Every structure is written in C-alpha cells, then in structure tokens.
Amino acid sequence: MLILLDPNSGVPTYRQLVDQIRFQMASGRLVAGSELPSTRALSQELGINPMTVSKAYSLLEAEGLVRRRPGLPLEVLALSGPHADAERDEQLRVLLEPAALAARQLGMRPAKAVAVFRQLLSHIVDYEERDQ
C-alpha cells in the first residue's frame with residue numbers, strides 16, 4: 001500500500017491516511033478482503049506515531065469501510081453499488097476542486113473549463129487504448 005504523507009500540506013496526518021486509503025479503495029487498488037498493515041507496521045513504515053494510524057483506522061471503521069477482526073489485520077470491506085459510485089464521485093470532486101478554482105481565477109467560462117477537462121480525458125483514453 002503506497003502512502004505518501006506531506007508534512008507541509010496543512011492537512012492532519014491521520015486525515016491524509018484516511019483520504020489516501022479511501023482513494024485506493026475507490027480506485028480499486030485496495031479491493032474487498034485486502035488487509036491493511038498493522039498499526040505498528042504502518043507507523044514504523046511512515047515514521048509516525050502509532051496513535052495517528054490508530055485514529056485513521058478508527059475513522060475508516062466508523063465509516064464502514066474496514067472491519068476490525070480480533071487478532072487479525074483490518075479488512076477492507078466492499079464498496080458496492082451506489083456507495084461505490086458516491087465514493088468515486090467524492091474522490092474526484094476533491095481532486096477537481098482546486099482545478100475549478102484555478103479555472104475561475106483564470107477567468108475561464110465553465111463551458112471552456114469543461115471542454116479542457118474533456119480534452120484531457122480524451123487524451124488519456126486514447127493513450128490507454130493504444131497501450132492495449
């Protein structure tokens with residue numbers, strides 16, 4: 001599981017963990033049944049306090065995204081149906097918000113900003129189709 005923390009982002013470390021794990025679940029990199037690293041293992045790997053990892057894991061559990069099992073690692077639960085779509089929508093919304101703000105600051109009309117986004121998506125789809 002790839003987690004990159006930015007100590008200068010202004011976002012609390014536990015929140016960065018939660019956001020990145022949620023993103024990996026929404027993108028399919030973490031699938032149902034996957035096991036998260038133990039609190040100790042992840043805290044050592046990232047060089048952070050175990051309580052920070054524990055707080056992040058507790059939040060994910062409270063959101064119903066992972067399940068705690070006695071004596072075993074946390075298990076990733078399935079995102080399915082409307083919940084999965086909502087999670088992907090939310091992840092994309094968070095990523096696009098700075099782009100939308102930048103478009104407004106550049107004085108772009110919404111239709112032009114959407115056209116630029118569609119063009120970028122089209123390039124990515126074309127690139128993926130060439131690679132297959």
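Guide: Start with a cut-off: buried means under 20% relative accessible area, exposed means over 50%, and partly exposed is in between. Keep in mind that this is a predicted model.

Visitor: Why is arginine 22 called buried?

Guide: Arginine 22 has 16% relative accessibility. The limit for buried is under 20%, so arginine 22 counts as buried.

Visitor: Where is arginine 22 placed, and what is it in contact with?

Guide: Arginine 22 is in helix 1. Leaving aside neighbours within four places in sequence, its contacts are Arg15, Leu60, Glu63, Leu65, Glu87 and Gln91. From arginine 22 to glutamate 90 there are 68 residues in sequence and 10.0 Å in space, C-alpha to C-alpha.

Visitor: What makes arginine 69 buried or exposed?

Guide: Its relative accessible area is 19%. Buried requires a value under 20%, so arginine 69 is buried. Arginine 69 lies in strand 1, residues 66-69. Not counting residues up to four places away in sequence, arginine 69 touches Glu35, Leu74 and Glu75.

Visitor: Why does tyrosine 14 count as partly exposed?

Guide: Tyrosine 14 has 22% relative accessibility. Buried needs under 20% and exposed needs over 50%, so tyrosine 14 falls in between and counts as partly exposed. Tyrosine 14 belongs to helix 1, residues 13-27. With residues up to four places away in sequence not counted, tyrosine 14 touches Thr52, Lys55, Ala56 and Leu59. Tyrosine 14 and methionine 51 are 37 residues apart in sequence, while their C-alpha atoms are 9.0 Å apart in space.

Visitor: What makes valine 31 partly exposed?

Guide: The relative accessibility of valine 31 is 45%. Exposed means over 50% and buried means under 20%, so valine 31 counts as partly exposed. Valine 31 is found in the loop between helix 1 and helix 2. Valine 31 and leucine 92 are 61 residues apart in sequence and 18 Å apart in space, C-alpha to C-alpha.

Visitor: Which residues meet where helix 1 packs on helix 3?

Guide: Helix 1 brings Thr13, Tyr14, Arg15, Leu17, Val18, Ile21 and Arg22. They meet Thr52, Val53, Lys55, Ala56, Tyr57, Leu59 and Leu60 in helix 3. By class, this contact has nine nonpolar, two polar and three charged residues.

Visitor: What makes helix 1 oblique to helix 4?

Guide: Helix 1 and helix 4, residues 81-105, pack at about 125 degrees with axes 9 Å apart. Roughly perpendicular ends at 115 degrees, and roughly antiparallel is over 145, so helix 1 is oblique to helix 4. Helix 1 passes helix 4 in a left-handed crossing. Asp19, Arg22, Phe23 and Ala26 of helix 1 meet Glu87, Arg88, Gln91 and Leu95 of helix 4. The contact has three nonpolar, one polar and four charged residues.

Visitor: Why is helix 2 called oblique to helix 3?

Guide: Helix 2, residues 39-46, and helix 3, residues 50-62, pack at about 125 degrees, with their axes 8 Å apart. That makes helix 2 oblique to helix 3. The crossing of helix 2 and helix 3 is right-handed. Thr39, Leu42 and Ser43 of helix 2 make the contact with Pro50, Val53, Ser54 and Tyr57 of helix 3. The contact has four nonpolar, three polar and no charged residues.

Visitor: Which residues have the most contacts inside the largest nonpolar core?

Guide: They are Leu17, Ile21, Leu36, Tyr57 and Leu60, in a core of 17 residues. Helix 1, helix 3 and strand 2 (72-76) are the elements that give two or more residues to this core. Apart from neighbours within four places in sequence, tyrosine 57 has contacts that include Ile21, Leu36, Leu42 and Leu74.

Terms used
Residues are numbered from 1 along each chain as its sequence is written. This is a predicted model: local features need pLDDT of at least 70, side-chain atom pairs count only at pLDDT 80 or more; totals for chains, interfaces and linings use all residues. Side-chain values use heavy atoms; hydrogens and water are left out. Axes are lines fitted to C-alpha atoms, for helices over the stretch in contact, and angles run from 0 to 180 degrees between N-to-C directions. Helices (H or I, at least four residues) and strands (E, at least two) are DSSP runs, numbered from the N terminus. Angles under 35 degrees count as roughly parallel, over 145 as roughly antiparallel, 65 to 115 as roughly perpendicular and the rest as oblique. A crossing is left-handed if the near helix is turned anticlockwise from the far one by less than a right angle, and right-handed if clockwise. Contact means heavy atoms within 4.5 Å. Ala, Val, Leu, Ile, Met, Phe, Trp, Tyr, Cys and Pro count as nonpolar, Asp, Glu, Lys and Arg as charged, and the others, Gly among them, as polar. Buried means under 20% relative accessible area, exposed over 50%, partly exposed in between (1.4 Å probe, protein chains only). A nonpolar core is a set of buried Ala, Val, Leu, Ile, Met, Phe, Trp, Tyr and Cys residues joined through side-chain atoms within 4.5 Å.
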